[in-house]
Amino acid sequence: MRTDQLTAPGVWWDARLTRLGVRGPVARDALLAVSIAAVMAVAVLTAMRHAPADLSPREGTVTWFVVIVVVQSLALVLRRVRVGLCVWVTIATQVALVALDPEVSVRSVAGVVVAVTIGTLFPAGRAVRMAGAAAAVESVAIAVVSLTRGAGIGTAVEHVTSSVVVWMASVLLGVYLATRRDHLRLVQERAEQLERDRDTRVRTAVAEERARLARELHDVAAHHLSGMVVQAAAVERLVARDPDAARAGAVWLRDQGRETLDNLRQMVGLLREDSGEDGDGDGLAPVPGIAALDHLTRTARALGDHVTLEYVGNPVPLPTLADVSVFRVAQQAVTNARQHAGGADVTVRVTYEAHGVMLEVHNGPAPEGSAPARGPHGGAGLAVMRERAALVGGTLDVGGTDDGGWRVRLRVPVATDGGGRA
């Protein structure tokens, strides 16, 4: 989930006002107040000058209507720093508008903005009570002024109804906006936490894999170096007695040394960071390779998986690290198929090519009604497989298939000598 798509109301405007240098609640509310004042002044002036004769305001009151509307709008500069004073100014100016001419109904959007602000600044219950009190005070004052100025009861009721509707509907809108803003903030925080947890799981999985690779490197190096020590001792004894045998032993030592150095060179880039034992107790376990795939598939079938193992081509020997990497990628792919497509048919195919070995693990879609097994999610398995492929200079391709399944394809290069032998 992309957290930058989760934006609360007003974030878009906040970003652009900040870019323009308008920062802080007072500066932004001042800009809002001036904008509303200008719009309302033009709107009131235009409406009154083009109003029918029977709806026109009394002579000499147009200018005062405009002035009062502007004052009411400019009071919005206080809506977040002195909200109580802003409410009283809004009520007083609205009563003044009615007092100028009760027969003319003029109401600025400033009242709506103030009520919405109350709904966003205070808890829902308190906001509704404040808006209700403001509506009551304004309604009583307007009713008294209307009747005093000679307006009929019907006109007074219209003004009172307008006040109640504006205050209560607007405060409910503000409560809704505040609730939505809080909800989006919680969703964004949750999404960010999930991303952090996912990254932590991936880093942990890679660190554990590096620790296991370190143990396997120990086994590889111990295997080669112990043989080299024994052979070196034999060469030393043969130097005087059998020079040809000594030279053959030296060639063997050279080849073994080169292979060991290649393995160490592949590993050193991944094992620069300290990574200790993870305590799983398998430090002395033998290093598995392609030959262990038979055991892997038998074990998977014993667990209820439908796994088939296929070999294509003539087997060629692999360097130890490449052999281990092929097995580990196959193991992880079979595990992923069990977790995400339990009950699906899984095919493990090892293809021996002219210059490498290709491992392909394909699983079909999960049968209908089957539920994925519970287990770790978040892409850690794929990250570990990519680490394995990079370790031996191979390429890893993963993705969905046309039948709704999933395919993992690992290609490992095999260096050959001039005669084409591995």
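Residues are numbered from 1 along each chain as its sequence is written. Because the model is predicted, local features need pLDDT of at least 70 and side-chain atom pairs count only at pLDDT 80 or more, while totals for chains, interfaces and linings use all residues; side-chain values use heavy atoms, without hydrogens and water.

The protein has 11 helices and five strands. These are DSSP runs numbered from the N terminus, with at least four residues (H or I) for a helix and at least two (E) for a strand. Of the 422 residues, 38% count as buried; buried means under 20% relative accessible area, exposed means over 50%, and partly exposed lies in between, with a 1.4 Å probe and protein chains only. The protein exposes about 23,500 Å², and carbon and sulfur atoms supply 60% of this area, as computed by the Shrake-Rupley method with a 1.4 Å probe. Contact means heavy atoms within 4.5 Å. Among contacts between residues at least 6 apart in sequence, 75% join residues at least 24 apart.

The confidence of the prediction comes next. The mean pLDDT (the predictor's confidence in each residue, from 0 to 100) is 79, and 77% of the residues reach 70 or more. Over residues 1–9 the pLDDT is below 50, and this stretch has 16 contacts in the model beyond near neighbours in sequence. Residues 373–378 also have a pLDDT below 50, with nine such contacts. Where pLDDT is low, the predicted coordinates should not be read in detail.

Among the helices, α5 covers residues 110–121. The expected span of a helix is 1.5 Å times one less than its number of residues. The buried residues include V113, V114 and I118.

Helix α6 (residues 124–148) has 25 residues and reaches 36 Å from its first C-alpha to its last, close to the 36 Å expected. Its buried residues include A134 and E138. Both of these are in contact with I91, a residue of helix α4 (residues 83–100). I91 is buried, with a relative accessible area of 6%. Although I91 and A134 are 43 residues apart in sequence, their C-alpha atoms are 7.5 Å apart in space. Just after α6, G150 takes a positive phi of about 90°.

L74, in helix α3 (residues 62–74), counts as partly exposed at 40% relative accessibility. Beyond its neighbours within four places in sequence, L74 is in contact with A33, V34 and A37.

The strands complete the picture. Two strands pair if DSSP finds at least two bridges between them. Strand β1 (residues 306–312) and strand β2 (residues 345–353) pair in the parallel sense over seven bridges, with H306 opposite D345 in β2. Strand β4 (residues 395–400) and strand β5 (residues 406–413) instead pair in the antiparallel sense over six bridges. In this pairing, the bridge partner of G400 is W406 in β5. β4 and β5 form a hairpin with five residues between them, and G404 in the turn has a positive phi of about 90°.
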